[in-house]
2 protein chains.
Amino acid sequence: MQRYRKMDKLQIARINKYNVFRCLIRQSPINRAAIAKLTDLSIPTVMSIVDDLFEKGMVRSIGKGESSGGKPPEMLEIVPDRFFYIGVDIGRTTIRVVANNIISEQIACLQEPTGEPFPEKLFVERLCKLVLQLVKHLHAKKECILGVGIAMPGLIENETGNVIFSPDFGWNHIPLRTWLQARLPYPIIVENANRALALNESYIPGEEDHTHTTFSVNLGYGIGAGLVLGEDLYTGASGTSGEIGHITVEPDGPACKCGNIGCLEAVASGAAIAREGQRIMGEGVPSKITELCGADPDRIDAKLVFRAANLGDEIALNIIDRAAEYIGIGLSMAVNVLDPDRVVLCGGLMKNGPLFFDKIKASLQKHQMRQVGRRMMISMETKGEYSTANGACRVLANTLWWQRKLPI
Amino acid sequence: MQRYRKMDKLQIARINKYNVFRCLIRQSPINRAAIAKLTDLSIPTVMSIVDDLFEKGMVRSIGKGESSGGKPPEMLEIVPDRFFYIGVDIGRTTIRVVANNIISEQIACLQEPTGEPFPEKLFVERLCKLVLQLVKHLHAKKECILGVGIAMPGLIENETGNVIFSPDFGWNHIPLRTWLQARLPYPIIVENANRALALNESYIPGEEDHTHTTFSVNLGYGIGAGLVLGEDLYTGASGTSGEIGHITVEPDGPACKCGNIGCLEAVASGAAIAREGQRIMGEGVPSKITELCGADPDRIDAKLVFRAANLGDEIALNIIDRAAEYIGIGLSMAVNVLDPDRVVLCGGLMKNGPLFFDKIKASLQKHQMRQVGRRMMISMETKGEYSTANGACRVLANTLWWQRKLPI
């Protein structure tokens, strides 16, 4: 929609500055003439932008490079650890906090078990303590912390940072950003955790042009997704997009905690797999599930059902197959409608080995429209347990850029 | 993604020109100072752009306006009929051709029944004849026809204009654009018909900022959809997005002509409704359907089933209810994942009165995640039988703008 936005000199100056900055991030060490060449900007423009970055302490000289005939050029590199983004992943089982530097490297992290949810205000106090603990560890001045990005499961209103509804935490209409903002001296943004994860997973190291459509699905205790168009998260009209876990896949199926019937999450999430294992044990059907849990149904979780399946247990295999089949159906809907370049499968369920991934792929291929998604790549998440927290940093960086609050 | 694209003076000049042009379209008659004010451009910039548009015959003076103190200003208006877009809607039942002027007014149209599909090459010859017939009627010079936009049902490869697969026409890998281009002296683009329709339906007259997300569903003989982000069609990685008709809603359901099982189109399209009517009559179940078709199953189409339902026939009502229920399920998936600002229901099935619309809405509300789509508007198409052909003109206009092939 670029063509309808007014373009003025200020805007152009910002874009040029960003391009130089990006070039420095990717190509350091590099000299001014090379930046000018790569960004297609004039040398005086590059010089003035570099001067500004020098002044802000974001670029440094590392001496002279090789001469290509004339005077040897001064080689520049980015100062990565001048500014930091803090990212928080509020997971149902674990809270993770990271600090990323300006070039998106994770330089510090901490985590602790979430435990049983307690009063929201107390929980927010605890989050603040964790953030301040990490900040202290960085030995960074207040003005070097660019902000805090929060990744929260549930329906989030982006403009206000309110949590409209988070079934995992039983939260309804919690003004999370306002509460955090009253306690922390940094800009705060709140984003849905699945979308933050999707943004992080959409980045491919070394890829020059980031123009792909990435659909990332988080398969864990619940099921959610995020759509990334180019470098930007798709949020939707009211900030509640990506709720693939609550599409109806079995109209006469089991109740879902969202209040509906037969949702994908109710038949194929980690919670659903565990429940199905418990149900089958409760019916007295003999299986490895009963053995592995020592006949204690409370010890049956999705991981245990996967273990039983990996031991060749037919019952457990059926549960897994059924979940994979439904996940493939859900994915095929997204693929038919969105025709994305990439589908990334993330979350705890994907840690149970490539067999589950292969089953999901087979179901997707069976159910998606033929000849749709011809150029689609499907892969598993590779960015580790801090991916959502790192995604929160990326959402924060993007938001601050749009709000013109970045120091560059 | 604007921030990563290089901005130079040429780009800015284009954007400024477009903004002035847009302002003239919306606000004519208007004077130069008012354009400068509305576009936030300097008066010299506006004057130079207006001079250029004068030269190209796209703007004319209509005399002096009211003075606001000084010299009365010259009032300008757009010359709407200097250039034309041709749009073609290749429907399974009817072929429609329109000519739109530069301000998107439909100024000529023609249509004829599609008839039984015959050899592709002959069909293309016929399309060319229809286009040339309409062009002749315009009495416009060749250079005044900016191009021809084709709206074709099926999977379309946007870059090449190839029809990958069109179940309605039984076409496989037909190089439609190449064939048309060899026969017509205008730029040709080919787009999926549902997406062309979506683009046209996304426009709301008088709306200043066109920044909404519109999901438009075409419910007819088949079922397809289009997603419009702001003023731009979302196409997808391989140009095959919007295939909501082929999402699986009944895993053990009937076969679909796409080759899969239980697709939305196989249980809720016009064709599916007719088939269900025929099946029930074939089973000898007494109903108004049998009466209305004079016991001739070949005369049962969706319209007839709707007529029977409107007469209170229980069997027909069940068929309609079931279709509406499934359409609501399909829509709820798109709403959960996309959280659009607007959903527009289009196509032949929507011509059967508001009852069907209400049933679909009820099913959507039942199946969508609660609190998702809180700001969503759902409405019926209002732009008439040429909406898809007009959409083809809009797709053409957008494409030519991106390709820098518009005279402005």
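Is Gln371(A) buried, exposed or partly exposed, and how many other C-beta atoms lie within 10 Å? Gln371(A) is partly exposed, because 18 other C-beta atoms lie within 10 Å. This is a predicted model. Chains A and B touch each other, with 54 residues of chain B in contact with 55 residues of chain A.

**Where the chains meet**

- On the chain B side, 54 residues are in contact with chain A; on the chain A side, 55 residues are in contact with chain B.
- Three elements of chain B each supply at least two residues to this side: helix H1 (9-27), strand S8 (162-166) and helix H11 (314-338).
- H11(B) gives the largest share, 7 residues.
- Sorted by class, the side of chain B that touches chain A has 25 nonpolar, 18 polar and 11 charged residues.

**A helix pair in chain B**

- Helix H2 (residues 32-39) of chain B packs against helix H3 (residues 43-55) of chain B at an angle of about 115°.
- The axes of H2(B) and H3(B) are 9 Å apart.
- The crossing of H2(B) past H3(B) is right-handed.
- H2(B) makes the contact with Arg32(B), Ala33(B), Ile35(B) and Ala36(B).
- H3(B) makes the contact with Ile43(B), Val46(B), Met47(B) and Val50(B).
- The residues of this contact divide into 7 nonpolar, no polar and 1 charged.

**The nonpolar core**

- In soluble globular proteins, nonpolar side chains tend to be buried together.
- In this model, the largest nonpolar core holds 214 residues.
- Which residues touch the most other members of that core? They are Ile150(A), Val305(A), Ile150(B) and Val305(B).
- Leaving out residues up to four places away in sequence, Val305(B) touches Ile273(B), Ala274(B), Gly277(B), Ile289(B), Ile300(B), Ala316(B), Ile319(B) and Ile320(B).

**Cis peptide bonds**

- In chain A, the peptide bond joining Ser28(A) and Pro29(A) is cis, with omega about -10°.
- Pro29(A) sits in the loop between helix H1 (9-27) and helix H2 (32-39) of chain A.
- In chain B, the bond from Ser28(B) to Pro29(B) is cis, with omega near -10°.
- The loop between H1 and H2 of chain B holds Pro29(B).

- Gln371(A) is not a glycine, but its phi is positive, near 70°.
- Look for Gln371(A) in the loop between helix H12 (354-367) and strand S15 (377-380) of chain A.
- Ser104(B) is not a glycine either, and its phi is positive, about 65°.
- Ser104(B) lies in the loop between strand S4 (94-101) and strand S5 (106-113) of chain B.
- Ser104(B) counts as partly exposed because 16 other C-beta atoms lie within 10 Å.

- Gly270(A) belongs to helix H8 (residues 270-282) of chain A.
- Why is Gly270(A) buried? Gly270(A) has 23 other C-beta atoms within 10 Å, and a residue is buried if the count is 20 or more.
- Gly270(A) and Gly222(A) are 48 residues apart in sequence, and their C-alpha atoms are 6.6 Å apart in space.
- Beyond four places in sequence, Gly270(A) touches Gly220(A), Tyr221(A), Ala302(A), Gly348(A) and Leu349(A).
- Cys293(A) is in the loop between helix H9 (288-292) and helix H10 (302-310) of chain A.
- Cys293(A) counts as buried because it has 20 C-beta neighbours inside 10 Å.
- Cys293(A) touches Arg299(A), Ile300(A) and Leu304(A), with residues up to four places away in sequence left out.
- His212(A) is 81 residues from Cys293(A) along the chain, and their C-alpha atoms are separated by 44 Å.
- Lys361(B) is part of helix H12 (residues 354-367) of chain B.
- Lys361(B) counts as partly exposed, with 17 C-beta neighbours inside 10 Å.
- Lys361(B) and Leu197(B) are 164 residues apart in sequence and 21 Å apart in space, C-alpha to C-alpha.

Note on methods:
Residues numbered from 1 in each chain as written. Chains lettered and ligands numbered in written order. Predicted model: local features only at pLDDT ≥ 70, side-chain atom pairs only at ≥ 80, totals over all residues. Axes fitted to C-alpha atoms, helices over the stretch in contact; angles between N-to-C directions. Helix = DSSP H or I, 4+ residues; strand = E, 2+ residues; numbered from the N terminus. Left-handed = near helix turned anticlockwise from the far one by under 90°. Contact = placed C-beta atoms within 7 Å. Nonpolar A, V, L, I, M, F, W, Y, C, P; charged D, E, K, R; others polar. Core = buried A, V, L, I, M, F, W, Y, C linked by C-beta atoms within 7 Å. Buried ≥ 20, exposed ≤ 12 C-beta atoms within 10 Å, placed from the backbone.
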